[in-house]
Amino acid sequence: MIGNFQQSNLRIEVEASRESIRDSLLRPEKMKQWLLGQRFPLGMPETLYSGYEFTSWTGGAIPIQHQVEVAEDNCLRLLLSQGIDGYHEWYWGDGWVQSRLEGVSVLPLSIGQTVTLMRFKQWLGSNSQQ
């Protein structure tokens, strides 16, 4: 893999319950609503599960292969390859979410992670009011 080794850990407070955060991260139909700039394959399961594999496209052109290593009530761990060689971990609880991203890539991972978490926070806040 060509690129730089990068790592980033971010934790933010959100206006959402643990269950709402879980559903937004483990249910692809909800994930598609807040994860802008990503294109997902058709036919994804209702809920992500350990062992499931899929490819998304960042910016419409850069493929990122995902293998779901862990999918639990408070944790999601994805092994990544192609556009990013590494992993992305999510942990959450009532009112907070933490994201840890580590890998080799030419993409600016910490910038993308920050933008993604801010968008997620905004989306959770607007959906908790409905």
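Which residue in β5 is the bridge partner of Gln67? The answer is Leu79. To place that pair, start with the model and its sheet.

This is a predicted model, in which local features need pLDDT of at least 70, side-chain atom pairs count only at pLDDT 80 or more, and totals for chains, interfaces and linings use all residues. Residues are numbered from 1 along each chain as its sequence is written, and side-chain values use heavy atoms, with hydrogens and water left out.

Seven strands make the sheet. The 7 strands form an open sheet, and their order is β1-β7-β6-β5-β4-β3-β2. The pairing is antiparallel. Strands here are DSSP runs of E with at least two residues, and helices are DSSP runs of H or I with at least four residues; both are numbered from the N terminus. Two strands count as paired if DSSP finds at least two bridges between them. β1 (4-13) and β2 (38-39) stand at the edges. Each has a single partner strand, so one side of each is left without a neighbour in the sheet.

Now take the pairs in turn. β1 and β7 are antiparallel and share 10 bridges. Gln6 has Gly103 of β7 as its bridge partner. β6 and β7 pair in the antiparallel sense over 9 bridges. Gln67 and its partner Leu79 in β5 were the opening example.

A helix lies against this sheet. α1 packs on it and touches β4, β5, β6 and β7. Touching, or contact, means heavy atoms within 4.5 Å. The direction of α1 makes about 155° with that of β6. For such angles, axes are lines fitted to C-alpha atoms, for helices over the stretch in contact, and the angles run from 0 to 180 degrees between N-to-C directions.

Next comes the interior. In soluble globular proteins, nonpolar side chains tend to be buried together. The largest nonpolar core in this model has 30 residues. A nonpolar core is a set of buried Ala, Val, Leu, Ile, Met, Phe, Trp, Tyr and Cys residues joined through side-chain atoms within 4.5 Å. Buried means under 20% relative accessible area, exposed over 50%, and partly exposed in between (1.4 Å probe, protein chains only). Ile21, Trp90 and Val97 have the most contacts inside this core. At least two core residues come from each of α1 (18-26), α2 (28-34), β4 (62-72), β5 (75-82), β6 (85-93), β7 (96-105) and α3 (109-128). α3 gives the largest share, 5 residues.

Look closely at Val97. Leaving aside neighbours within four places in sequence, its contacts include Ile21, Leu25, Trp90, Leu117 and Phe120. Leu10, Ile12 and Val14 are also among them.

Two further buried residues are worth a look. Leu78 is in strand β5. Its relative accessibility is 8%, so Leu78 counts as buried. Beyond four places in sequence, Leu78 is in contact with His66, Gln67, Val68, Gly86, Tyr87 and His88. Met31 lies in helix α2. Met31 also counts as buried, at 8% relative accessibility. Not counting residues up to four places away in sequence, Met31 touches Ser24, Leu25, Phe40 and Leu48.

Finally, the charges. A search of the whole structure finds 9 salt bridges. A salt bridge is a side-chain nitrogen of Lys or Arg within 4 Å of a carboxyl oxygen of Asp or Glu. One network links Arg22, Asp23, Arg27, Glu46 and Asp73. Within it, Arg22 meets Asp23 at 3.3 Å, N to O. Both Arg22 and Asp23 are buried. Arg22 also meets Asp73, at 3.9 Å, N to O. Arg22 lies in helix α1 and Asp73 in the loop between β4 and β5, so the pair ties together parts that are 51 residues apart in sequence. Arg22 has 19% relative accessibility, whereas Asp73, at 46%, counts as partly exposed. Another salt bridge joins Glu69 and Arg77, with the closest N and O atoms 2.3 Å apart. Glu69 is partly exposed, with a relative accessible area of 37%.
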